[in-house]
Amino acid sequence: ELLVNDNLYFGAALVKSGRADGMVAGAIHATADVLRAALQIVGTAADSKLVSSFFIMDIPHCDYGLNGTFVFSDCGLCQNPTAEELAHIAISSAKSFESVMHSEAMVAMLSHSTYGSAKHADVDKVVEATKIAKSLAPKLKIDGELQLDAAIVPSVGESKAKGSSVAGKANVLVFPDLDAGNIGYKLVQRFARAEAYGPITQGMGAPINDLSRGCSADDIVGVVALTALQAK
């Protein structure tokens, strides 16, 4: 009955059966409805414990990141991830960056503290998440906890996190919770006039991505292009 009457379930079934490589929806559906169909039919990837999201941020006239391009995550789905969930978000975000940008991911676990400059339970969560991510993906270049300036500005990274392979060179920014991530990407989008592509889901068994119901035609084209890259 769902497959016959609900386009979201029908589309997800096309992806699950291999008749489609990906799905883009949400222009006339709520995010919860898109994700419900995706998770019930396609589910999470075999190597993932949760579905999260990321934005590709393309910042004009910016020398940081990969020529002004970053992955920001999670800015759209996971409200207050645990340390283990944050670790999985970081690993998924690194894979997303490398699959889309064809360049090595340099992952910064962001905080209001750098290398113990502040003491708080929120800092402890980021420190623990970094340890878990390193144990699960030992080849991944990841460091934390890092303040934003220490993560992306070479001189500040050298001063605050001496010896770090990531500080001052990060191109993947993992925010400690959804409040920080959502506020952060919107600040950059508005103040720096950056292009923000997303939120793009990651950790799904196949590429299924959600649109805002206020999206433009250009927004749809951008998400379709990223979905095609994920499928490839």
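## Positive phi in a loop

His-61 is exposed, with a relative accessible area of 87%. Here buried means under 20% relative accessible area, exposed means over 50%, and partly exposed lies in between, with a 1.4 Å probe and protein chains only. This is a predicted model: local features need pLDDT of at least 70, side-chain atom pairs count only at pLDDT 80 or more, and totals for chains, interfaces and linings use all residues. Residues are numbered from 1 along each chain as its sequence is written, and side-chain values use heavy atoms, with hydrogens and water left out.

His-61 sits in the loop between β2 (52-58) and β3. Helices (H or I, at least four residues) and strands (E, at least two) are DSSP runs, numbered from the N terminus. The phi of His-61 is near 55°, a positive value in a residue other than glycine. Asn-67 lies in the loop between β2 and β3. Its phi is positive too, at about 55°, and Asn-67 is not a glycine. Asn-67 is exposed, at 67% relative accessible area.

## A buried serine and a cis bond

Is Ser-73 buried or exposed? Ser-73 is buried, because its relative accessible area is 0%. Ser-73 belongs to strand β3 (residues 69-73). Contact means heavy atoms within 4.5 Å. Leaving out residues up to four places away in sequence, Ser-73 touches Ser-53, Phe-54, Ile-89, Ser-93, Leu-173, Val-174, Phe-175 and Gln-202.

The peptide bond from Ser-73 to Asp-74 is cis, with omega near -15°. Asp-74 is in the loop between β3 and α4.

## Helix α4 and what follows

Helix α4 covers residues 83-101, 19 residues in total. From first C-alpha to last, α4 reaches 27 Å, close to the 27 Å expected at 1.5 Å a residue. The expected span is 1.5 Å times one less than the number of residues. Just after α4, His-102 takes a positive phi of about 55°.

## Strands β4 and β5

Strand β4 (residues 106-110) runs parallel to β5, and four bridges join them. Two strands pair if DSSP finds at least two bridges between them. Ala-108 has Asp-143 in β5 as its bridge partner. Strand β5 (residues 141-146) is mostly covered: five of its six residues are buried. Glu-145 is in strand β5. The peptide bond from Gly-144 to Glu-145 is cis, with omega near 5°.

Ala-118 is found in the loop between β4 and α5 (121-136). Ala-118 counts as partly exposed because its relative accessibility is 22%. Beyond residues up to four places away in sequence, Ala-118 touches His-112, Ser-113 and Val-123.

## Salt bridges

Side chains of opposite charge can pair when their charged atoms come close. How many salt bridges does a search of the whole structure find? The search finds six. A salt bridge is a side-chain nitrogen of Lys or Arg within 4 Å of a carboxyl oxygen of Asp or Glu. One of them joins Lys-141 and Glu-104, with the closest N and O atoms 3.8 Å apart. Lys-141 lies in strand β5 and Glu-104 in the loop between α4 and β4, so the pair ties together parts that are 37 residues apart in sequence. Lys-141 is partly exposed at 31%, and Glu-104 is partly exposed at 42%.

Lys-160 forms a salt bridge with Asp-149, the closest N and O atoms being 3.4 Å apart. This pair links Lys-160 in helix α7 (residues 154-160) to Asp-149 in helix α6 (residues 148-152), 11 residues apart. Lys-162 and Glu-158 also meet in a salt bridge, at 2.7 Å from N to O. Lys-162 counts as exposed at 62% relative accessibility, whereas Glu-158 is partly exposed at 44%.

## An exposed arginine

Arg-213 lies in the loop between β8 (208-210) and α9 (217-231). Arg-213 is exposed, with a relative accessible area of 59%. Leaving aside neighbours within four places in sequence, Arg-213 is in contact with Gly-26, Ala-27, Ile-28, His-29 and Ala-30. Arg-213 and Ala-94 are 119 residues apart in sequence and 28 Å apart in space, C-alpha to C-alpha.
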